Amino acid sequence: MMVDNVYLLIFYGVFLLFVLVASFLLFYIKNQSVVWKQKRQLQETQLAQQKELLNAVIDSQEVERKRIGQDLHDEIGGTLSAIKLMLNSLKNQLSIDQEKVMVEAKQLIDKMIVDVRHISHDLSPPGLAVFGLFTTIEAFVSLINNTGEIKISINQQEDIEEIDLPEKTALALFRVLTQLVDNTIKHANATEITISFSKNNELQINYQDNGKGFDLAVLDKKSGIGMQNIQSRLQMINATYEIATEEGKGFAISILYPLAD
Amino acid sequence: MYLTYIVPLSILIPVSIGLYKYKSADSAAKSILYYLLLSGLINLIALVLVIKFRMQNLPLLHLYTIVEAVVILNYFRIIFVDKKVKRTIATLIVVFPLICILNFIFIQDIFTFNTHTRPLEAILLTFFSLFYLYKSNFIENWLQEPISWFNVGIVIYFPLAFLIFASSNYLILVSKNKELNDIVWKINATLSLLMYFAFARGFMLIKKSNDGR
């Protein structure tokens, strides 16, 4: 009495084996992908943490700069003006020789007042919050142009000043541009710098000098503190950038900052 | 002794724990409990039939297969979240008993082992418990979840019992090797014992606090 369909039973057996093997493989693959995912997440959090840390460092740096700048301007600038006034009150009470020394002293004090103002403005650009990025950059550029060391020209779209940038962004872009100018003056032997601003969905800033340029590979190997600062500040405000430079062909960077509409 | 009393009676362990936790149990745990109760009941009837009336109890196995498949499939229907899977299982709950009935009416005599349908049942249950494991991921306190233990029980018993189910007619009716037969059914009993223990552990993990309300 044999009522079994042996083929059916063999089919069942093969099928069960298939289910077991397939599930083993699937479990293995799934487990692997979970491990990969976790690794990637870990990396992402690490990156995010680094970025946050950098933000915090830059933020506190800015706060400190602002404080020092203000103290310098208010305290030392004030005291210097007071000293100058006191010296003025001595007028006509001194001999001619002494008067001569006094005039020189007053000149020195005047120079100091200007220096202190420059330093404090450099530490915390005073117009940024009130007049915005573009006006502040213009003021900065005219200051540099006045030194006669280099010629900087700015091109901008007419409605560019309508863009209302967050203060942090404006400050970051201002720092980046001043750092770029600083780099050009220090290292590039350039005679001309062009900065242009344009906007559509994003704010585009093109910076270009006619200096000696450098090999981009150098930047990969070691980037100086200046360049690192530029990178981290741009990263902080989620701006992207592209550098184009070659030895003897000048330096150009194009910065894109997405505008929220 | 082992086959007739110890293993069938061991079902009382998970059953009593399950009944004790009945109020706090969710519907998945309850359906496992129903399975144990029905299986115990049918086993009891089978025992009585054999011992008291010296009757063939194989027809009961055909019924038992249907009951077991329906109750455990229903358990899977409850624990899966995916609507499609739920629907598929619901269809199987209807189709599988039909296949069983067709099988014992037209294909396999009701006084033989139902080797066509019982292995199929074992494959289905194995498949769904593995599939659930795959879908639900191993969570951190995996061994603290009652459902994990229910599935472990099913995965312990059914894939291995499959071999025994599939070869039962051959073993009993063809080979007639008493010793081999004995060993095979002891293995089967031991596996079901392990399944009962896993279920018992699952019931133990049901937390009393959340009252099921």
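Helix 4 of chain B and helix 5 of chain B are roughly antiparallel to each other in this predicted model, where angles over 145 degrees count as roughly antiparallel, under 35 as roughly parallel, 65 to 115 as roughly perpendicular and the rest as oblique. The axes of helix 4 (residues 58-79) and helix 5 (residues 83-107) of chain B come within 9 Å and cross at roughly 175°. Axes are lines fitted to C-alpha atoms, for helices over the stretch in contact, and angles run from 0 to 180 degrees between N-to-C directions. Helices (H or I, at least four residues) and strands (E, at least two) are DSSP runs, numbered from the N terminus. The residues that helix 4 of chain B brings to helix 5 of chain B include His62(B), Ile66(B), Leu73(B) and Arg77(B). Among those they meet in helix 5 of chain B are Lys86(B), Ile93(B), Pro97(B) and Phe104(B). Two residues are in contact if their C-beta atoms, placed from the backbone, lie within 7 Å. By class, this contact of helix 4 with helix 5 of chain B has 13 nonpolar, three polar and two charged residues. Ala, Val, Leu, Ile, Met, Phe, Trp, Tyr, Cys and Pro count as nonpolar, Asp, Glu, Lys and Arg as charged, and the others, Gly among them, as polar.

Residues are numbered from 1 along each chain as its sequence is written, and chains are lettered from A and ligands numbered from 1 in the order in which they are written. In this predicted model, local features need pLDDT of at least 70, side-chain atom pairs count only at pLDDT 80 or more, and totals for chains, interfaces and linings use all residues.

The crossing of helix 7 over helix 8 of chain B is left-handed; in a left-handed crossing the near helix is turned anticlockwise from the far one by less than a right angle, in a right-handed one clockwise. The contact of helix 7 with helix 8 of chain B comprises 20 nonpolar, six polar and one charged residues.

Chain B as a whole has eight helices and zero strands. Of its 213 residues, 34% are buried. A residue is buried if 20 or more other C-beta atoms lie within 10 Å of its own, exposed if 12 or fewer, and partly exposed in between, with C-beta atoms placed from the backbone. Among contacts in chain B between residues at least 6 apart in sequence, 76% join residues at least 24 apart.

Chain A holds six helices and five strands. Their order from the N terminus is α-α-α-β-α-β-β-α-α-β-β. Buried residues account for 14% of the 261 residues in chain A. For contacts in chain A between residues at least 6 apart in sequence, 70% link residues at least 24 apart.

The five strands of chain A form an open sheet in the order 1-2-3-5-4, with mixed pairing. Strand 1 (151-156) and strand 4 (240-245) of chain A are the edge strands, each pairing on one side only. The twist averages 10° from one strand to the next. Two strands pair if DSSP finds at least two bridges between them. Strand 1 and strand 2 of chain A run parallel and are joined by six bridges. Gln156(A) has Phe197(A) in strand 2 of chain A as its bridge partner. Strand 2 (residues 192-199) and strand 3 (residues 202-209) of chain A pair in the antiparallel sense over seven bridges. A hairpin of two residues joins strand 2 to strand 3 of chain A. Thr194(A) is bridged to Gln208(A) in strand 3 of chain A. Strand 3 also pairs with strand 5 (residues 251-258) of chain A, antiparallel, over eight bridges. There, Gln204(A) stands opposite Leu256(A) of strand 5 of chain A.

Helix 4 (residues 167-188) of chain A lies across strand 1, strand 2, strand 3 and strand 5 of chain A. Asn189(A), between helix 4 and strand 2 of chain A, has a positive phi of about 55°. Asn189(A) is exposed, with 12 other C-beta atoms within 10 Å. Asn238(A) has a positive phi near 60° and is exposed, with 11 C-beta neighbours inside 10 Å.

The contact between the chains takes 19 residues from chain B and 17 residues from chain A. Helix 6 (118-136) and helix 7 (146-175) of chain B each supply at least two residues of the chain B side.
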